[in-house]
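Here are a few notes to read alongside the model.

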Amino acid sequence: MTGRGRFMRRIAILLRVVGLAAVARIVPAKAGIQKSPEFRVKPGMTSLVRLVLSGVVLLSVLVSGLVPAPVEAQDIAVLSSSAVASFPLSLEFKFRAQSSAEINFVALHYQVERLNYARVTSEVRPRFKPGPAVEATWRWDMRLGSLPPGARVKYWWTVGDASGRKLVTEAKTFEFNDERYKWKSVTAGSVTLSWYEGDEAFARELLNSVQASLDRLGRDMGAKLERPVRAFIYASGRDLQGALVYPVGWEGGVAVSEFGTVMIGISTSELAWGKRAIAHEITHLLVGQVTFSPYADLPIWLNEGLAMYGEGPLEQGYASLLQQAISQKTLISVRSLSAPFSTDPRLALLSYAQSEALVEFLLTKYGRDKLLALLDTFKQGATFDGALKSVYGFDLDGLDKLWRESLETRKTTASLPLRPRANELAQRPVPAAPAAAWGFLVFPVVLAFGYSVRRRW
Ligand SMILES: [Zn+2]
């Protein structure tokens, strides 16, 4: 096609799109089947609008006469298109349309806004009864792949009739919100925190904790959030469980990296614990953003160690456990810490403490640039040993050896400020199940939700 031909064809297509989009909106008003204000046209305006539209369509036809073009829809009318959430279990899309000919094709298309390697459009063909007027409904059952609160879904419909006409509706965006609660929100920088119980000071405290954590990670590691994140603070572990498709009987928090969302149950009486929990979970999101790639696979100690580092100075209880394991020579090997942590509460706690100590060792001894380089190497798809070797010159076993040696040195210089405090961990204000009283995170990721989650229990 010549340059002029292409230009004229573009104009033709543009004019028809403009004209048809307007016709699609006008027809229901004409037919008196107004369901949505979106399709309403002021009565006095109708003839004028029609006149303008006729002009647009006519011009379109004239211009399109210069280049071949397929026949387009003129009287398929969209009566309604909507989405209704029943959080967290389902999301229902509803659609109604009519035409002068029998409608024999209806498809729903949707895209979920998430951190992704490629924009994925899903198409579903809901069941419907063909005819001049059709209704179609499709229910997204979240048991088959769920969405966290605040997830945004862009959707549109394609409808076709027996005369070969086809109409694609304008895309709409729906936010899958947990509307069982009256949420309030505060935003600082890239972080939006939503909560429904407690005053604004409560929310600000949590937000300040996140900010302090992000500042620390920026200063010490040079890592910062690359996109906005959201935190939903449920008023209790019980409420949080009610927001999960598959509640598991734990209290705690969930970080959903692909959506930049964390959900945590924090009652107003648990502020101190909550401040650590939210800093921890947001750090997971940050690490997820920094290392996002189809290849990245981080050893668990690195991911959890960074999240613990993000919380701030190691809590005394963890420090005590670590000190005890050092003196009793019961430290876990770095290689073991690269895989999912033990489900034994004591070993799991020690795993978190050791992970934090490993990250701190790497940062203190080799600096932030090396740690960032390590994360970047993992992003490129390196193996655990390979990434460490290329950045630091030693593998997991080498790290294990060097780290233990550094502990010996620290012990002799008595620089570890560890004073055992009985029951400190057990006293953490995390209610419910015995395991929950420990308030630590289980990794890896539970995939049953259709997205990756990490839980604090
Ligand atoms: Zn964690």
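1. The protein chain averages a pLDDT of 78, and 72% of the residues score at least 70; pLDDT is the predictor's confidence in each residue, from 0 to 100. This is a predicted model: local features need pLDDT of at least 70, side-chain atom pairs count only at pLDDT 80 or more, and totals for chains, interfaces and linings use all residues. Residue numbers start from 1 along each chain as its sequence is written.

2. Helices (H or I, at least four residues) and strands (E, at least two) are DSSP runs, numbered from the N terminus.

3. Please treat two stretches with care. Residues 1-71 stay under 50 in pLDDT, with 60 contacts beyond four places in sequence; a contact means C-beta atoms, placed from the backbone, within 7 Å. Over residues 412-457 the pLDDT is also below 50, and this stretch has 99 contacts beyond near neighbours in sequence.

4. Helix α3 (residues 200-221) packs against helix α5 (residues 271-290) at about 45°, with axes 9 Å apart. Axes are lines fitted to C-alpha atoms, for helices over the stretch in contact, and angles run from 0 to 180 degrees between N-to-C directions. The contact includes F202, L206 and V210 of α3, and I278, I282 and L286 of α5.

5. Helix α11 (residues 384-392) is followed by G393, whose phi is positive, near 90°.

Technical notes
Two residues are in contact if their C-beta atoms, placed from the backbone, lie within 7 Å.
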